Amino acid sequence: MKTKIRIAIITILSGFSLQAQQAKGIIGTSNWMNNWTTFKPASIEYNEASNIIAGTIDKDTKLYKRNTYQLVGVVYVTNNAVLTIEPGTVIRGDDKTCGTLVITNGAKIMAEGLETDPIVFTSDKGTTERKPGDWGGIIILGKAPINKLGGISTLPFDLDPTLNHYGGQDAEDNSGILKYVRIEYSGRKLSALKELNGLSLAGVGHKTVLSNIQISYSNDDSFECYGGNLNMNNLVSYRTTDDDFDFTQGAQINISNSIAIRHPFSSDISGSRCFEADSYDKIENTDMTKKMTKINANNITLVNMEENNQGLVRESVHIRENTYFNLTNSIVSGFTPFIILEENIGNGEVNLSKISLNNIIINNCNGGILSESSSNDTVIQNWYSKAEFGLEFTKTKNSELFAMPNIKGSPDFRMKVNNTIAIGN
């Protein structure tokens, strides 16, 4: 009897071990997107604003759930002040003045919502009028390293020049907390070349907590990092117009257990990707002695919801020269193609060694890993065809690949393994 019990226990444990080993994409013992996210923000009736936030916040300030706030114009948190936001608080960005929140260098935002009571930044328009770009977004300026000449830079968003600066030497800089936060309908277009993001992180240090953040219907990128040194997890980007995750200026990023959900009719003609990674905006302004961008992305899910319609959705990942990119234990479904590398990357193994891809399901992608120059494609294919990379090309419906990919309900994008949800480690 003991032998049989022991065999049964070993069998069960082996099953759990196999399940953990096979888990790719986002993981969790439960569907961590429940309760705090929404995929129908246009249908939510938020209270009308009872309080206005405008001008400069230069002393410690707290926003309360009992109030609904209207963010008017560009609001700067300065003078090392701390802006604390209670769980459940709603802040509505003003359309007419392009409400935008800027946490300046040295200041902090403490926006720590709860799974059952998230903090919401959203449009001030009614349910039938909301659209991407209704307001600006959130900008955080920190003191962590960037690879610009002089180590300090400014953002091209028409901000107050006395307050618009980021960068420095403190990789551990702390700009506060964003946790269980939703950002909806942000990303105002300022001009043909200037578009605000849902969340702009410029020179932000790794003591800043960025976890469980959903950005929906941004009119430009959802998350953009300009340099800095960050650990980010449980991020959700939904139906952004441009890129879901954009990294530049020597950003040192660890991103895990995060998902980008794209739709062909929410993408623009500039070429919308889930990941856009480069090391510099303009090479003449880059300090080549400093670190190039390095992205470690683990347990990532990138999915196009229209399985038979690529629309304006292009490759899932675009990587530029001198950029280190590591993608592991992930699922990528429904892109054309899977990855595109800038021309110079694909012409030699030294460059390709900077791009590490391991244990990935590449599903329903029209093309694999390609170069901007087709003459490099043979070298690239030979390099990534090695068994050690564990790249698995499949043709599976989303409903068979994911637990519950129904965006109209309560979606669960954890991977199915033999009709069982793979919960991971």
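Colleague: In what order do the 3 strands of the open sheet come, and what is the pairing?
Modeller: In this predicted model, the 3 strands form an open sheet in the order 29-30-31, and the pairing is antiparallel.

Colleague: Which strands stand at the edges there?
Modeller: Strand 29, covering 402–404, and strand 31, covering 420–421, stand at the edges, and each has a single partner strand, so one side of each is left without a neighbour in the sheet.

Colleague: And how many bridges hold strand 30 and strand 31 as a pair?
Modeller: Strand 30, which spans residues 412–417, pairs with strand 31 in the antiparallel sense over 2 bridges, and Val 417 has Thr 420 in strand 31 as its bridge partner.

Colleague: Stepping back, how many helices and strands does the protein chain have?
Modeller: The protein chain has 4 helices and 31 strands. Its radius of gyration is 22 Å, close to the 22 Å that the globule rule gives for 425 residues, so the chain is as compact as a globular protein of that length. Taken along the principal axes, the box filled by the C-alpha atoms is roughly 65 × 55 × 45 Å.

Colleague: What share of the residues is buried?
Modeller: Buried residues account for 58% of the 425 in the protein chain, while the accessible surface comes to about 17500 Å², with 49% of that belonging to carbon and sulfur atoms. As for contacts between residues at least 6 apart in sequence, 71% of them join residues at least 24 apart.

Colleague: Let's pick a strand: is strand 11 mostly covered or mostly open?
Modeller: Strand 11, residues 137–141, is mostly covered, with 5 of its 5 residues buried. Gly 137, Ile 139 and Leu 141 lie on one side and Ile 138 and Ile 140 on the other, and both faces are covered.

Colleague: Which strands are joined to strand 11 by bridges?
Modeller: Strand 8, residues 100–103, is joined to strand 11 by 4 bridges and runs parallel to it, with Ile 103 standing opposite Ile 140. Strand 15, residues 199–202, is also joined to strand 11 by 4 bridges in a parallel arrangement, and there Ser 200 is the bridge partner of Ile 139.

Colleague: New topic, where does Ser 256 lie?
Modeller: Ser 256 lies in strand 20, which covers residues 252–262, and this serine is partly exposed, with a relative accessible area of 28%.

Colleague: What is Ser 256 in contact with, leaving aside its neighbours within four places in sequence?
Modeller: With those neighbours left aside, Ser 256 is in contact with Met 232, Asn 233, Asn 234, Asn 298, Asn 299 and Ile 300. The C-alpha atoms of Ser 256 and Asn 358, which are 102 residues apart along the chain, are separated by 14 Å.

Conventions. Residues numbered from 1 in each chain as written. Predicted model: local features only at pLDDT ≥ 70, side-chain atom pairs only at ≥ 80, totals over all residues. Heavy atoms only, no water. Pairing = 2+ DSSP bridges. Rg over C-alpha atoms; globule rule 2.2 N^0.38 Å. Buried < 20%, exposed > 50% of the residue type's maximum accessible area, 1.4 Å probe, protein only. Contact = heavy atoms within 4.5 Å. Areas by Shrake-Rupley, 256 points an atom, 1.4 Å probe, with all protein chains shown as cover.
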